[in-house]
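Here are my notes on this one, point by point. Have the model open while you read.

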Amino acid sequence: MCLPTTGDGQDGNQCHDDGPRHVRTHAATLPTYARPAVDECRGCVGPNPETLFTESRVTADGQGPGGDASAPSTMMVKAAIVSSTAGRFLASTGGTHVSEQPGKPTPEGAVVVGPLDATKVPRFAAPATFARLPRLDDLSSADVLVLGVPFDSAVTYRPGARFGPGHIRASSKLLRPYNPAQDAFPFHAHQVADAGDLAVNPFDIGEALTSIEADYTRLAADGATILALGGDHSITLPVLRSVARQQGKVAVLHFDAHLDTWDTYFGAAYTHGTPFRRASEEGLLDLDHCLHIGIRGPLFAKTDLTEDERLGFTIIRTDDYEVEGVSGVIERMRQRLGDRPVYVSVDIDVLDPAHAPGTGTPEAGGLTTRELLNTLRALAGLNIIGADLMEVAPAYDHAEITGIAAAHIAYELLTVLTWRP
Ligand SMILES: [Mn+2]
């Protein structure tokens, strides 16, 4: 039996039964109700949760369905499903995945822990990690991380995106391991894990941005590539500071109804409407290769557009989809990004409010979920070094419309993050 030493989680959730002690030393935490989930207390009681996860062994010479063993860049995967009760080997399937990724490659022979097996644990059971992936705390390391950043103190209109990470996780339970649109098993060729949520100060924007940058840098220190789930869009600035310090100037691909290159609100420089102006001013951006997609709606002044161009961005408007189609947009997008290191930042309000009502600053006339998903899939093969998904505010959502859209956007981004050019 595991009990917290306190209910506030500030001292690390320490078990104090007769079994092995489990002390959380990681700053990133997943929310549980008042006490740690039982499966955080491995070695205390109950079955070993590892046996409930799908597992893969990374090999270089296998052959799976749809695979091309002759392609030198193709890494083969054998996915093993292990019984939770008898520990016996039940099934083995094969698959292929182009495993080149921007972070460190998973070494050949490494065992990859995949999502919970839906035939062993119902989708509606168990704590909500993204796509039912394992927690980073339960692994020694991971190649790709999903990281919640529940911070929304820099919004200008509706608050509530602090609850976005939890909502996206809860809406991601139906995702499956094989992504046919990209012919990839994003969770089987590389270790993908949920790193939990950062503990961000909701009362001090300056301190919040500082701590987000430090925690992001720490999590990325051993080469992990990160998909951040917000939270409001101010979070992207400290993330870009961290990414640019490690990898140099980056081309930002920004999906949003809004430019987010405004200057100040009420004199405040750090808000969810200003991250890309600050990033440009700080020299974090590759000014010849940044791009907004999905811009629409009223602005404050005509100069908003000229200022935006001066700061390094070009624009593909939502209405351009109507004229050029998805394929035309993709062609322009890939041309603009080229072979540069690209950071992808998605504001869920790039979607029409019909497709994503759960957000803080909705604008009519946006993209469909299908248009956005197909655009994101076309990033495969580019040099994507990190990504985020911001501004999901579940209080305004209905029937998980926004949450499900966000879960699928995150799934496509994770698939892209397990590729490299
Ligand atoms: Mn926006």
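1. Helices (H or I, at least four residues) and strands (E, at least two) are DSSP runs, numbered from the N terminus.

2. Residue numbers start from 1 along each chain as its sequence is written. The model is predicted, so local features need pLDDT of at least 70 and side-chain atom pairs count only at pLDDT 80 or more, while totals for chains, interfaces and linings use all residues.

3. Back to helix 3. A residue is buried if 20 or more other C-beta atoms lie within 10 Å of its own, exposed if 12 or fewer, and partly exposed in between, with C-beta atoms placed from the backbone. The buried residues here are Thr236, Leu237, Pro238, Val239, Leu240, Arg241, Ser242 and Val243. Their cover includes helix 2 (205–220), strand 7 (225–230) and helix 4 (275–281), along with strand 11 (342–347) and strand 12 (384–390). Just past the helix, Gly248 has a positive phi of about 85°.

4. Now strand 5 (residues 144–149), where 6 of 6 residues are buried. Val144, Val146 and Gly148 are buried on one side, and Leu145, Leu147 and Val149 on the other.

5. What does strand 5 pair with? Strands pair if DSSP finds at least two bridges between them. Strand 5 runs parallel to strand 6 (residues 192–197) over 4 bridges, with Val144 bridged to Val192. Strand 7 is also parallel to strand 5, through 6 bridges, and Val149 partners Gly230 there.

6. Look at the core too. A nonpolar core is a set of buried Ala, Val, Leu, Ile, Met, Phe, Trp, Tyr and Cys residues joined through C-beta atoms within 7 Å. The largest has 100 residues, and Leu145 and Leu147 are among those touching the most other members. Helix 8 (residues 401–417) gives the most to this core, with 10 residues.

7. Last, Arg310, which sits in helix 5 (residues 303–310). Arg310 counts as partly exposed because it has 13 C-beta neighbours inside 10 Å. Its C-alpha atom is 9.9 Å from that of Arg277, 33 residues away along the chain.

Technical notes:
Two residues are in contact if their C-beta atoms, placed from the backbone, lie within 7 Å.
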